[in-house]
Amino acid sequence: MPVSFVASIHSQAGIDQKMLRFCYDRLHSLMMTLEITDTDEFMHIQTICDFATLIGTYTRGFSIIIEPYDDRMPDIRDPVIQLSCHDASLAIRPVFDRFETVVITSGTLSPIDLYPRLLNFNPVISRSFTMSLTRDCICPMVLTRGSDQLPVSTKFDMRSDPGVVRNYGRLLLEMASAVPDGIVCFFVSYSYMDGIVNSWHEMGILQDIMQHKLVFIETPDVVETTLALDNYRKACDCGRGAIFFSVARGKVAEGIDFDRHYGRLVIMFGVPFQYTLSRILLARLEYLRETFQIKEGDFLTFDALRQAAQCVGRVIRSKADYGMMIFADKRYSRHDKRSKLPGWILSHLHDAHLNLSTDMALHIAREFLRRMAQPYDKAGSGGKKTLLTEEDLENLAQDGMAM
Amino acid sequence: MYGVGGGFNAPSTAASRRRNPGDEEEDEEDEGGEGRVLEAWERAYADERSWESLQEDESGLLRPVDTKTLVHAQYRRRLLLRSAAAAAARIQKGLIRYLYIVIDLSRAASEMDYRPSRMAVVAKHAEAFIREFFDQNPLSHVGLVTIKDGIAHRLTEIGGSPESQIKALMGKLECSGDSSLQNALDLVHGYLDQVPSYGHKEVLILYSALNTFDPGDITETIAKCKKSKIRCSVIGLAAEIFICKHLCEETGGSYTVALDESHFKELLLEHAPPPPAIAEYAAANLIKMGFPQRGAEELISICSCHKKIKSGAEGYICPRCKVNVCELPTECRTCGLTLVSSPHLARSYHHLFPVPPFDEVTPVPNRIQRGGQICFSCQQSLYNPDGQSNLHVRCPKCNQHFCLDCDIYIHESLHNCPGCESQRSIAS
């Protein structure tokens, strides 16, 4: 806890809380006075001052975690001090203090009732909208079985099962042969991705996939990933077709769009739960339970599904676009998981698409792609209006006044 | 009609297929030449909604929806669309077309989502298309190119005879390897570059694959085609591919993707009528043409196309150099003169002056309209036995009434309105 950490600093180094709190301001004014422009060189001391100010300011909502060993190499001493924030409401509070009206919008705010609790405020209005589309241009599917009818999942006890690995590989192979241009795949973690790509290579599935499309892989290295993305786009542009392997919660999942032909299909392999043994997560779960009375299970599911929605949402960025989404895990067919997906996905998730096997999904994909390739009326005739003119807006406003 | 019928006559079609899997003709006959309709068990039951093609009549009996009016409504929509485009501007049409049909015979062509395979379906309809194409564009030329193992290969030289093209295509039906759009375009570009400037250069690509394995930068090839004013159109069999769309947008062609076999046929036949001319060619220029005559019976000569001895009655004599050719239209091998016959020119004529679309006459019950009792063309009554008039149409020029069948026949095949023609003959 920061409090005890501050206390021990006070007793051992003689620096009290107040002094810590002003570290950031002091460094800032010092650098202004000395007219230092090359701030990059002082990045590390800035980090330390930020840290000091944070622990000096907040007594709740943070925790300090000291890990003496790296998980991967438990024999070598490699101490890391981490300051972790558990309380998202701290970050949003200045916004609420300063402004009278705050509107929070996002495509992945679901379930919507959890957010007020996490951010610690009382919403005046909370609404979840569906998308207004001229045509059914998204096609979410839940795939629970491979072609051999065996369930697929990334649950811990199943993920290394060769049957599951093979079924996932067959799924990707079939889809690569039926979907044009770009396909994006998300895995639950780097280590899982490494493992499954290795197995596919040994089984020869990867070579078969390469006959249809080129394969690019995200790595923790930013430069490498950017290069891979660049080449992925080139391969989509020139008609060769490509697949991008990426990790949920990674750089690509958070900020890169795969719109139009850069992403006609996204496959989410597994449910992206956080690594439950991580100390930071455990500390945060404990804090949420004590402070906001949010159950661990609820939060984990909510977080995983939010990430999944975030990942699959990468493929569709406009009404003229179209894309398919496959949730490949048997756990998605359970209601408690599925219902936490955002409304715009759920409204297009037909009951017939909830429990598919690979061959059924392939059939649906082919039909969908043919349907989407047909020319369509962009203005949206036939009573399904999706773009409002100025007149329509005025009419709406008048209706609102009359009510 | 098909929604219900397809289910009942299924055993016979299935039997015929089992009896002789390669025999396309037999299949055609069984299904009345309408293209293959999916069998009831092959359809996704929820999507097809076969129950909606049934309606209840007054006495509560189920009967299929009146397909005749449906077909006619579809046809009218197409016709109006076409005439609206023509009315917007007096479009010049490219009547002399040089078309290469590129058929993708890569690995993807062996997929079975069209039955028996994509390749067989493509070949079958390409054959029908070549015949239809020459019927509508007697002055045009067609060549065939196939893509196989990543290499484009010219199957036939560009020429005016449908039979030789079809024969060459049917003899070479096997597929393997990758497909390469760039190789095909490069090859076709090389051949079409030599075409005289009055000809309209076109490529029609029937693409089964979903990707292309190219040796170089395909965008350069596309730019090259654009520069030589080659109009590239693609019909995809599976899904929309970005590079194909890009190619068609750049070169002014059309890009369509087939939903099923009948849709594929429809899309293919849309390419048969001549496309609007590109603006740069709008300047009219004169083309020298020869109208050869049939040779005399006793004249024996060696024909220039097959190098065989033929009597004069089997061929035509080029008016300039007097060489014997077997078929028209063609280009004289010796002097390079374009040889046609006058019926060919006349058959191209209707594209420039189409019959105006007829107005629909809404049926008025229990009142006899003047001149509305019988169809002017086939002389059959326009009334049902119960005294109500059927839906029918009227020519806006001569005000004669026609039944729906004649309407389609006049616009699709005859290209002349019998009412207007008879008025003209009376006036003269």
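These legends accompany several close-up views of a predicted model.

Residues are numbered from 1 along each chain as its sequence is written, while chains are lettered from A and ligands numbered from 1 in the order in which they are written. Because the model is predicted, local features need pLDDT of at least 70 and side-chain atom pairs count only at pLDDT 80 or more, although totals for chains, interfaces and linings use all residues; side-chain values use heavy atoms, with hydrogens and water left out.

**View 1. Chain B as a whole.** Chain B contains 14 helices and 19 strands, where helices (H or I, at least four residues) and strands (E, at least two) are DSSP runs numbered from the N terminus. Of its 428 residues, 43% count as buried, a word that stands for under 20% relative accessible area, with exposed meaning over 50% and partly exposed in between (1.4 Å probe, protein chains only). Among contacts (heavy atoms within 4.5 Å) in chain B between residues at least 6 apart in sequence, 63% join residues at least 24 apart.

**View 2. The interface of chain B and chain A.** Here 24 residues of chain B are in contact with 24 residues of chain A. The size of an interface is often given as the accessible area lost when the parts come together. For chain B and chain A the buried area is about 1900 Å², of which carbon and sulfur atoms give 47%; such an area is the accessible area (1.4 Å probe) that two parts lose on being put together, summed over both. L210(B), E240(B) and F242(B) supply 31% of the area that chain B buries against chain A, more than any other three residues.

View 3. One salt bridge joins the side chains of D113(B) and R366(A), at 3.9 Å from N to O. The side of chain B that touches chain A is made up of 14 nonpolar, 3 polar and 7 charged residues, under a scheme in which Ala, Val, Leu, Ile, Met, Phe, Trp, Tyr, Cys and Pro count as nonpolar, Asp, Glu, Lys and Arg as charged, and the others, Gly among them, as polar.

**View 4. D113(B) and its partner R118(B).** Within chain B, the side chains of R118(B) and D113(B) meet in a salt bridge of 2.9 Å, N to O. R118(B) counts as buried at 3% relative accessibility, whereas D113(B), at 23%, counts as partly exposed.

**View 5. The pair K148(B) and E174(B).** These two side chains form a salt bridge with N and O 3.6 Å apart. K148(B) lies in strand 4 (residues 141–148) and E174(B) in the loop between helix 7 (162–170) and helix 8 (181–192) of chain B, so the pair ties together parts that are 26 residues apart in sequence. At 22% relative accessibility, K148(B) is partly exposed.

**View 6. The pair E240(B) and K245(B).** E240(B) forms a salt bridge with K245(B), their closest N and O atoms being 3.6 Å apart. E240(B) is buried, with a relative accessible area of 10%, while K245(B) is partly exposed at 34%.

**View 7. The surroundings of N324(B).** N324(B) is placed in strand 14 (residues 324–325) of chain B, and with a relative accessible area of 3% N324(B) is buried. A polar atom of the side chain of N324(B) lies 3.5 Å from the backbone nitrogen of Y316(B). Not counting residues up to four places away in sequence, N324(B) touches several residues, among them S301(B), C303(B), K310(B) and I317(B).

Terms used. A salt bridge is a side-chain nitrogen of Lys or Arg within 4 Å of a carboxyl oxygen of Asp or Glu. A polar contact is a pair of N or O atoms within 3.5 Å; within protein, one must be able to donate a hydrogen and the other to accept it, and residues adjacent in sequence count only if both atoms are side-chain atoms.
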